[in-house]
Amino acid sequence: MTDKSFHSRASFSSQDLAYLKDFDLPSSFDSKIGKILVTGASGYIGGRLVPQLLVRGYHVRAMVRGASPEYGGLWPQAEIVAADVLDTNPEPLEKALAGIDTAYYLLHSLNLGPKEFQAADIQAAINFRKAAEKQKVRRIIYLGGLGDIRGSLSSHLRSRIEVAEELKKGKVPVTILRAAIIIGAGSASYEIVQHLVRKLYILPMPRWAKNKCQPIAILDVIRYLVGVLEVPETTGKHFDIGGKEVLTYEKMLMVLSGVLNLKRVFVSVPFSGTRVYAYFVSLLTPVPAPLTQCLMEGLKNDVVCLEHHIKKYLPFEAMSYKEAIVRALTREDQDRVYTRWSDAYPPAHELALKLHELKNRPAYSTFCSLQTQKSASSLFKSLCHVGGKKGWFQNNWMWRLRGLVDRLLGGVGTSRGRRSHASLKINDVIDFWRIEDLQEDKRLLLRAEMMLPGRAWLEFGITELQGKRQLSLVAHYDTKRLRGKLYWYACLPFHHIIFKKLLMDIEARSL
Ligand SMILES: NC(=O)c1ccc[n+]([C@@H]2O[C@H](COP(=O)([O-])OP(=O)(O)OC[C@H]3O[C@@H](n4cnc5c(N)ncnc54)[C@H](OP(=O)(O)O)[C@@H]3O)[C@@H](O)[C@H]2O)c1
């Protein structure tokens, strides 16, 4: 991991500011609090907490695994640092924690899948505890999961509790917040529920659908995270946090179908194997199998607040489940999804070398281009609409078929879609791609995250050529394996059809 740390000088857009000020936090800014470290800053919750702390005036260091300058645009004035808590070399993590007053611990390794995440999460907590102690951090704030420790918990919920216990073993006092499902535009659990209700007319209800849950709105989670920071009496204590009401999973689906005005039939079924359900859920929703498996295993447990001490320190009324989903739906309709579960990197991200980081250029490539009179900005705008709900234009079925094969093999497929249909930023996903580089009116570079016997990129370029614009596409492919080479040659005939047509469509759709 390279040591990259820098300060961002950008400022928030007026739209972002309006969103951030919408939080109406129940506590106030405390000037005595020193620099704050937010780990998991590239994740769903960390990505929302960083701007909130910045807007309140705190000095924030955002910790990500793959630092790059684009984070500067997202988090104005934040210091950005790269460290991996599982790194055997403790130095980058210790550097990230140096001079820190309070550190938020917002990490998990669920993406590694059911076999690996538990051990990884414990190791991560040990490494973090030791480094925080060495750097004399004053306080840690951890967001974990709800669940009654006396019962037989799923490995995911148990792991969240084990992480809390591990962090507490050190000298640094830990504030623990424990939440059930978090509801907000872009949250994995909410996207699962929404896709199921939208796609299935008949919803099978296994026994565990009657289990109880206390979902909480993302807005309230951020309020509590900032609130405990600003109320020093919460130091070293643990709190259950939840929304206004306790519901069964079945009721949650019913409320959502009511809000969406969709008539759905709920049928009780005797089969309750969460693994099988998780596999089908991963095929029906954008959330990949390793994540659905870990999350759905937790459905076997009731996840409700067992105490309400937090109300003593942060007395505000949390949103109801219905209010939270209406808010999430509104955000989606407004195309203002601030962070999404897919923002976190997929497993083996450290192997995801960027195109410019390769020692040699990839051995295989396909190039196609067209010339046009259209302006660079209109071409770029049109180009930035590929994927997601609109798909890949004329040959969309071929992309979808490739996505389906990927899903069946346990990959991410094309159903991850996009965070926003109007705007893109570096690191956003577009179906089975992730944006590696985005240069306005010039270049869009996508890195493949589908299952492949090699590494692939799609590079769109807009250049000036003898007074005209050239719109080009290069497919780069890097492999040394025979299987990889066979794959490349098998795809080659399709590339020529798909890519040429794609460029023509992008050109035709630009105004
Ligand atoms: N979302 C929910 O519904 C929910 C509910 C209850 C509790 N929580 C808790 O909230 C916390 C944050 O969850 P989230 O939903 O924001 O998760 P998320 O979106 O999946 O993000 C996870 C974050 O952890 C980072 N990470 C993973 N392994 C790491 C490592 N080895 N070193 C450094 N960073 C690493 C990821 O970085 P990369 O981008 O590099 O992968 C990412 O930023 C977790 O403790 C979770 O248990 C979440």
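Biologist: Buried or exposed: which is Ala 448?

Modeller: Around Ala 448 there are 20 other C-beta atoms within 10 Å. A residue is buried if 20 or more other C-beta atoms, placed from the backbone, lie within 10 Å of its own, exposed if 12 or fewer, and partly exposed in between. Ala 448 is therefore buried.

Biologist: Which pLDDT do local features need in this predicted model?

Modeller: Residues are numbered from 1 along each chain as its sequence is written. In this predicted model, totals for chains, interfaces and linings use all residues, side-chain atom pairs count only at pLDDT 80 or more, and local features need pLDDT of at least 70.

Biologist: Which residues does Ala 448 touch, not counting residues up to four places away in sequence?

Modeller: Ala 448 belongs to strand 18 (residues 443–448), where strands (E, at least two residues) and helices (H or I, at least four) are DSSP runs numbered from the N terminus. Contact requires C-beta atoms, placed from the backbone, within 7 Å. Beyond four places in sequence, the residues touched by Ala 448 are Phe 432, Trp 433, Ala 456 and Trp 457.

Biologist: What radius of gyration does the chain have?

Modeller: The radius of gyration is taken over C-alpha atoms, and the globule rule is 2.2 Å times the number of residues to the power 0.38. For 511 residues, a compact globule would have a value near 24 Å, and the chain agrees with this at 23 Å.

Biologist: How far apart are the centres of domain 1 and domain 2?

Modeller: An automatic or database domain assignment supplies the bounds, with domain 1 covering 5–343 and domain 2 covering 360–509. Their contact takes twelve residues from domain 1 and 14 residues from domain 2. Taken over C-alpha atoms, the separation of the two centres is 32 Å.

Biologist: Which residues touch the most other members of the largest nonpolar core?

Modeller: A nonpolar core is a set of buried Ala, Val, Leu, Ile, Met, Phe, Trp, Tyr and Cys residues joined through C-beta atoms within 7 Å. The largest such core has 104 residues, and those touching the most other members are Val 38, Ala 62, Ile 183 and Leu 225.

Biologist: Which residues are closest to the ligand?

Modeller: The shell has 15 nonpolar, twelve polar and three charged residues; Ala, Val, Leu, Ile, Met, Phe, Trp, Tyr, Cys and Pro count as nonpolar, Asp, Glu, Lys and Arg as charged, and the others, Gly among them, as polar. Its largest share, three residues, comes from strand 6 (residues 139–145). A residue is near a molecule if its C-beta atom, placed from the backbone, lies within 6 Å of it. Of the 30 residues surrounding the ligand, the closest are Gly 40, Gly 43, Tyr 44, Arg 65 and Ile 182.

Biologist: What is the phi of Asn 427?

Modeller: Most residues other than glycine have a negative phi. Asn 427 lies in the loop between helix 15 (396–408) and strand 16 (429–430), and is buried, with 21 other C-beta atoms within 10 Å. Its phi is positive, near 85 degrees.

Biologist: What is the phi of Lys 136?

Modeller: Lys 136 sits in the loop between helix 5 (117–134) and strand 6. With 13 other C-beta atoms within 10 Å, Lys 136 is partly exposed. Its phi is positive, near 55 degrees.

Note on methods. Two residues are in contact if their C-beta atoms, placed from the backbone, lie within 7 Å.
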